[in-house]
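Subject: Structure handover

Hello,

Here is the structure I promised to pass on. Please open it first, then read the notes below.

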Amino acid sequence: FFRCRVCRRTMSIPRLTYFNLEGRGETARLAFHLADMPFEDHRVEYKDWPALKPTTPWGHMPVLEMEGHVIGQSNTINRLVGKLTGLYPTDIWEAARCDEIMDAAEDLTSAITSTFSLDAAASEAKRKHLVAGELPFGLKRLEERLVAAGGQYFVGGALTVADLRVLAFLRFIGSGNLDHIPKDLAAPFPHLQGLVARLLAHPKIAEFKAKHQKK
């Protein structure tokens, strides 16, 4: 058990389950780490996923277990963890903006992951279509939202889970692991690039990334 500094309650240690990669689980992981909030970082290897899948709330990860509750859906988890760690706005309009940014990043992520189950030819065609339209459009809108918010962070001039969610998305498309999606797709957007550089230079984020960097 631990004493939550934000909600001022004694709580059980959260258990966050996700694959052994960044992806949709990284936002909550980083939020916990930034707040020095203890959590069990349960990482699942792909070979173990088929047996685990039927036991999850929605047939996918991440999954958060805490206080006797089992919660699925990545942005729901991000909002909850953001509230627990002080990285989610209390103002209703700033909270809405935070949700908007996270949901936009999730929509763009889902557009790409929807190609994972396609055969090679169909995947190539779908990804080239995304690169020609939806992905640069979404990146442009994220850039505009960031500029409108002052250019440093998406909401309220301070770090929130929205920034961490966009970081995860930009790391995903910039990984070089997605055939037919150029890893420099976000290069034309300087404020997004600045956000990534700023967050990766944050001592706590750099510490977490270094600890979990795959060899």
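Contact, in these notes, means heavy atoms within 4.5 Å. Please also keep in mind that this is a predicted model.

**The chain overall**

The chain holds 9 helices and 6 strands. Its C-alpha trace spans about 50 × 45 × 35 Å along the principal axes. The radius of gyration is 17 Å. A compact globule of 215 residues would come near 17 Å, so the chain agrees with that expectation. Buried residues make up 44% of the 215. Take the contacts with a separation of 6 or more: 67% of them join residues 24 or more positions apart.

**H4 against H6**

Start with helix H4, residues 92-113. H4 packs on H6 at an angle of about 160°, and the two axes are 10 Å apart. Angles over 145 degrees count as roughly antiparallel, so H4 is roughly antiparallel to H6. The crossing is left-handed.

Which residues of H4 meet H6? They are Arg97, Glu100, Ile101, Ala104, Asp107, Leu108, Ala111 and Ile112. On the H6 side they meet Glu134, Leu135, Gly138, Leu142 and Arg145. By class, this contact has 7 nonpolar, 1 polar and 5 charged residues.

**H6 against H7**

H6 covers residues 134-148, and H7 covers residues 161-173. These helices pack at about 145°, with axes 13 Å apart. Their crossing is left-handed. From H6 come Leu135, Leu139 and Leu142. From H7 come Val166, Phe169, Leu170 and Ile173. The residues divide into 7 nonpolar, no polar and no charged.

Two names turn up on both lists for H6. Leu135 and Leu142 meet H4, and Leu135 and Leu142 also meet H7.

**H1 against H9**

Now go to the two ends of the helix numbering. H1 is residues 26-34 and H9 is residues 203-212. Their axes come within 10 Å and cross at roughly 120°. H1 and H9 are therefore oblique to each other. H1 passes H9 in a right-handed crossing.

H1 brings Glu26, Arg29, Leu30, His33 and Leu34 to the contact. H9 brings Lys204, Ile205, Glu207, Phe208 and Lys209.

**The loop between H2 and E5**

Proline 57 is in the loop between helix H2 (49-52) and strand E5 (63-66). Proline 62 is found in the loop between H2 and E5 too.

Methionine 61 and proline 62 are joined by a cis peptide bond, with omega about 10°.

Leaving aside neighbours within four places in sequence, proline 57 is in contact with Val63, Val70, Ile71 and Gly72. Isoleucine 71 is 14 residues away along the chain, yet its C-alpha atom is 7.1 Å from that of proline 57.

**Two positive phi angles**

Aspartate 36 is not a glycine, but its phi is positive, at about 55°. Aspartate 36 sits in the loop between H1 and strand E4 (40-44). Its relative accessibility is 55%, so aspartate 36 counts as exposed.

Glutamate 67 is another residue other than glycine with a positive phi, near 55°. Where is glutamate 67? Look in the loop between E5 and strand E6 (69-71). Glutamate 67 is partly exposed, with a relative accessible area of 30%.

**The loop between H7 and H8**

One last stop. Aspartate 184 lies in the loop between H7 and helix H8 (190-200). With a relative accessible area of 51%, aspartate 184 is exposed; the cut-off for exposed is over 50%. Aspartate 184 and glycine 174 are 10 residues apart in sequence. In space, their C-alpha atoms are 6.2 Å apart.

**Where to begin**

Then turn to the cis peptide bond between methionine 61 and proline 62.

Best wishes

Definitions and conventions:
Residues numbered from 1 in each chain as written. Predicted model: local features only at pLDDT ≥ 70, side-chain atom pairs only at ≥ 80, totals over all residues. Heavy atoms only, no water. Axes fitted to C-alpha atoms, helices over the stretch in contact; angles between N-to-C directions. Helix = DSSP H or I, 4+ residues; strand = E, 2+ residues; numbered from the N terminus. Parallel < 35°, antiparallel > 145°, perpendicular 65-115°, else oblique. Left-handed = near helix turned anticlockwise from the far one by under 90°. Rg over C-alpha atoms; globule rule 2.2 N^0.38 Å. Buried < 20%, exposed > 50% of the residue type's maximum accessible area, 1.4 Å probe, protein only. Nonpolar A, V, L, I, M, F, W, Y, C, P; charged D, E, K, R; others polar.
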